[in-house]
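The following report describes a multi-chain model, beginning with the confidence of the prediction. The sequence and structure are shown first.

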Amino acid sequence: MDGHEPVTGVSSGPTPSAATRFRFSVGAVFVLPALALYLGFTILPLVAVFTFSAFHWQGLRLAGFDALANYLRLLAPSMLRQEIARAFFNNCIFFLGTVVLQNSLALGLALLLHTQRRWRAFFRTVIAVPFLVNPLVVGYVWTLLLSPTFGPIAAGLEAVGAGAAIRPWLGDPDWVRPLVILINAWQWTGFPTLVFGAALAAIPEEIFQAALLERASRLQVLRAITLPLMMPTLGAMVVITFVSCFNAFNLQYAVGGVNGAPAGANDVLGLVFYRVAFGGDLNAIGASSALATGTFVFTFAATILLRHMLARLEERVT
Amino acid sequence: MIRARPAQRQQAAATGILTLYALLVLGPLVLVVVNSLRSTAAIYARPIGLPTMDGIANYAAAWSQARFSTYFVNSVLVTVASLVVGVGAATLAGYGLGRYRFAGREAVGSFFLAGLLLPAQLGVVPLFYLLRALGLIDSLAGLTLIYAAHTLPLSTFLLAGFFRQLPVELEEAARLDGARELRIFTSIMLPLVRPALMTVIVVQCAPIWNDFFYPLVMIRSNDHFTLPVGLSSFVDQYQSDYGGLFAALVIVSLPLILLFVLANRHVIAGLTAGIGK
Amino acid sequence: MRRRTLLGTIAGAAFANADLTRAARAQSAGITLNVWSWQVVQAPIYQKIFEIYERETPGVRIAYRGIASTEYPTVLKTGLSGPGGPDLVMLHPYKSIAPYVRAGQLAPLDEAGIAEVKNFSPESLAAARLDGKLWGLPFARQTIQIFYSRKLFAQLGVVPPTTADQMAPLLDKIAAAGITPIAATGKDAWQLVNVFDALVGNTYGGKAFIAKILAGTATFTDPAMVAALAEFQGLAKYFPKFVSGVSNADARAMFATGRAAMFPGGSWELAGFQNAGMGADVGVFSMPAAQGNPGGHAPTWGYEDGSLGISARAAQPAAALALLRWMATRQFGQAFTDQLKQPSSVSGVVATDPTLSQMSANYAANPVPMIWVTDYFGLASPAPYAALMNAAQNLLTSATTPAAAAASIAQSVVEWTAMNQ
């Protein structure tokens, strides 16, 4: 059962038949509306940003073509370059921690929900609520929760006599990275859970019934049927997680402030970008565009690589 | 739908785990709601406590500062319109990318992915100029177009994946029956991805509803602002009015949660409607 | 088909709405002036003050818009170049106006033609000068000092220090009584720049050292600066427990609720403390210098908070200028100081609030320019302001040493100077 890859499309023959050519153009037509909107409101600004990075700026005024000068300034040894390197490292850690914790947790929850008969709607709502809440405020809520002087968690520890365990958790370089991963997972796990749930629901019932008839165990079903069929969605989620981790900003800003405290342990590329873009520098647009372009090129290349690897994995598993 | 019941113990265990997770998730939120009904001074004095009467003032302040009546309507208009345009276009595109193999399909897929990588803070400058050229500054239509375009990468990506998962036999059977491409799409493929579609709508609803940055830059007149703009004024640098902040958060989040609860019924209905038909 | 109609309806409604609002405004009052500022919470107070002007100037309405300070630069950058933008804008001081000036977004002021210019000192006006022109009129001069709780001090039987060596015993006495001597934040690094100057500014040499730095005859690796950084790190034991988890809001709350005796910070904090119930309980003093305090006045650091400028695209430049000139008068300055509890830059304005007037008097008697704001401001490396922010924060968590901190600040000056050649 190779189920899900359509055979329609460009044939391997010397001349595509009229039918396949027609289907090809239909495919393209379906994509057209999205493409148009996308070209205008996303690609155009993106190209503009690339262009911006090649100029020197005075505020909002173009002040001269600079070619790669903005990039060279970012790459030259300086305090800024050290911060960029450190931020990049933090983004990597954040991604690895998130994809391991958040995505596996989401998969587990989705599987549990799938078998759940009662209360399913309730659980789905509860799981979804954290990412419905405004992300701007989530960081501040957790900052208050984890405050060693004014926070409920510290108060709770005092109450049970564990006062010695109270630390400035979000102010400790050793604690803040895992904590940020956890808080981020708290907020966003609902999203992959829902998506995985929908992917699970899309698997036709007959397949599960057939497996049951053959007396397959739950683990066997999971390994041989569920996971392989969900591969496209699982893979898509890894890619989305990668992109969002490298664009992370809101949580780190709320927890550590604009300089990614403590001691830069929380500094991510998004924060560096924010400082460069809004720190009052005259050439802010030029420098920040260069940084954004550089980040984009890396993330884009890494995403393509990731998708390649995932596609090959998909083929092997199915 | 016939399915052999899993052992009672396994079922209970699953429910137990889900309940535990639900408590972990709800804990901080319950705290937010409780603290939204206490004055900021009380929150500082004792982190855990019961709501008090003067906590109601938080909601009054948040309501007036968030200008609920005006901003709410704007938020609804913009979110609904953005979803209709954005997810609509994404469904079409996802279908095209998921079911048709044409030259450059991978490239187009990656092309859409690129949009996810553009940081909003930087894209705002060229977008501002674009909207100004179109005469759409200070208009909800301008916001709608921006948000619709923003939902495209994620929605297209997800929907393409879902469409790709559908079995090819249905399509072939329909073609043998002589159905045209559009018929296949609307009558067969679309209903099958309904739960997925609802899911995409729901997850894309929140980022649009909660965005405060684009309205802050693109909107000028008070009548056109959206809800989160009012919220952002609580998070000013010199002020930490926790009581007001939490009250505003509850006000802004409640519509989304209600929407989710409603949409949930539809999603479940879609799931139990019998996909294997 | 349906989708297109829906979008068309929305677009049409949006446009119609915009037209209606504009028409209504034009009908009700002759002119509406838009004033943008980063002071969000104070919006109602500003609106009340502007009502005075509206009564005196019939036909003019003022619409004040406060924008969250974190977003202010972005909103301003685009706002000054699009339709429906502001007429009067609050500008950050010194080099911060460069992006707007160089992009031609501000209208230069005709100094000779504006009589109110003489209401400001040359130092104040310097905050709005660039490229030889004046781009705005100052409005507030913030000072940095140490707030203290009169009640707690009286309870403990202590008084503010008049000489430098009285500080250590004072701190010890307060700590021995179980009260946090100094409420400082370890999380909000920007505030640590103020705390640093307020507590150990004299140790690095105050005004004399700053002059040498600017002249290039001293660097931040000099022993005086290292000593100041070391002293700052040593003072951490008087900061709140778990200081690296304490936000500025938490520190304010600690001071306002009597859990801490002192709060080093800027003059803008006064309103918050008084509104939190401290009232007249708040006192101020400046850290005495070991080198001597002429006339009994300890050095007080300060800087111009900003200026008010006119957009180059203002729809009614003459009306905007008239409003600006009114905001440079003693009448406005007095209302500003009395109702917003911030020191006005307009000369001759004496605050009715005794604590506020004492802050301004301290500064007037022995002013020290806050170099981090006047010359070295920036959030991104290599701005020395950012370097000090990080250094002070890292000293509190022992993530760096005084010598290494001093080296990083000196390095930032080197890169900063090279960048701004």
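## Confidence in chain A

Within chain A, the lowest confidence falls in helix H9 (residues 205-213) of chain A, with a mean of 79, and the highest in helix H3 (residues 79-115) of chain A, at 93. These values are pLDDT, the predictor's confidence in each residue, on a scale from 0 to 100. Helices (H or I, at least four residues) and strands (E, at least two) are DSSP runs numbered from the N terminus. Over residues 1-14 of chain A the pLDDT is below 50, and this stretch has 32 contacts in the model beyond near neighbours in sequence. Chain A as a whole averages a pLDDT of 84, and 92% of the residues score at least 70.

This is a predicted model, in which local features need pLDDT of at least 70 and side-chain atom pairs count only at pLDDT 80 or more, while totals for chains, interfaces and linings use all residues. Residues are numbered from 1 along each chain as its sequence is written, and chains are lettered from A and ligands numbered from 1 in the order in which they are written.

## Domains and interface of chain A

Chain A comprises domain 1 (1-52) and domain 2 (73-317), with bounds from an automatic or database domain assignment. The centres of these two domains of chain A, taken over C-alpha atoms, are 31 Å apart.

Between chains A and B, 87 residues of chain A are in contact with 91 residues of chain B; contact requires C-beta atoms, placed from the backbone, within 7 Å. Helix H1 (residues 18-52) of chain A gives the most to the side of chain A that touches chain B, with 18 residues. That side of chain A has 63 nonpolar, 18 polar and 6 charged residues. Here Ala, Val, Leu, Ile, Met, Phe, Trp, Tyr, Cys and Pro count as nonpolar, Asp, Glu, Lys and Arg as charged, and the others, Gly among them, as polar.

## Domains of chain C

In chain C, the assignment gives domain 1 (2-140 + 305-328) and domain 2 (143-303 + 370-419). Their centres, taken over C-alpha atoms, are separated by 34 Å. Contact between them involves 4 residues of domain 1 of chain C and 4 residues of domain 2 of chain C.

## Strand E1 of chain C

Strand E1 (residues 31-37) of chain C runs parallel to strand E2 (residues 60-66) of chain C, joined by 7 bridges; strands pair if DSSP finds at least two bridges between them. Leu33(C) has Ile62(C) in E2(C) as its bridge partner. E1(C) is also joined by 2 bridges to strand E3 (residues 88-91) of chain C, again parallel, and Val35(C) stands opposite Leu88(C) in E3(C).

Notes: Contact = placed C-beta atoms within 7 Å.
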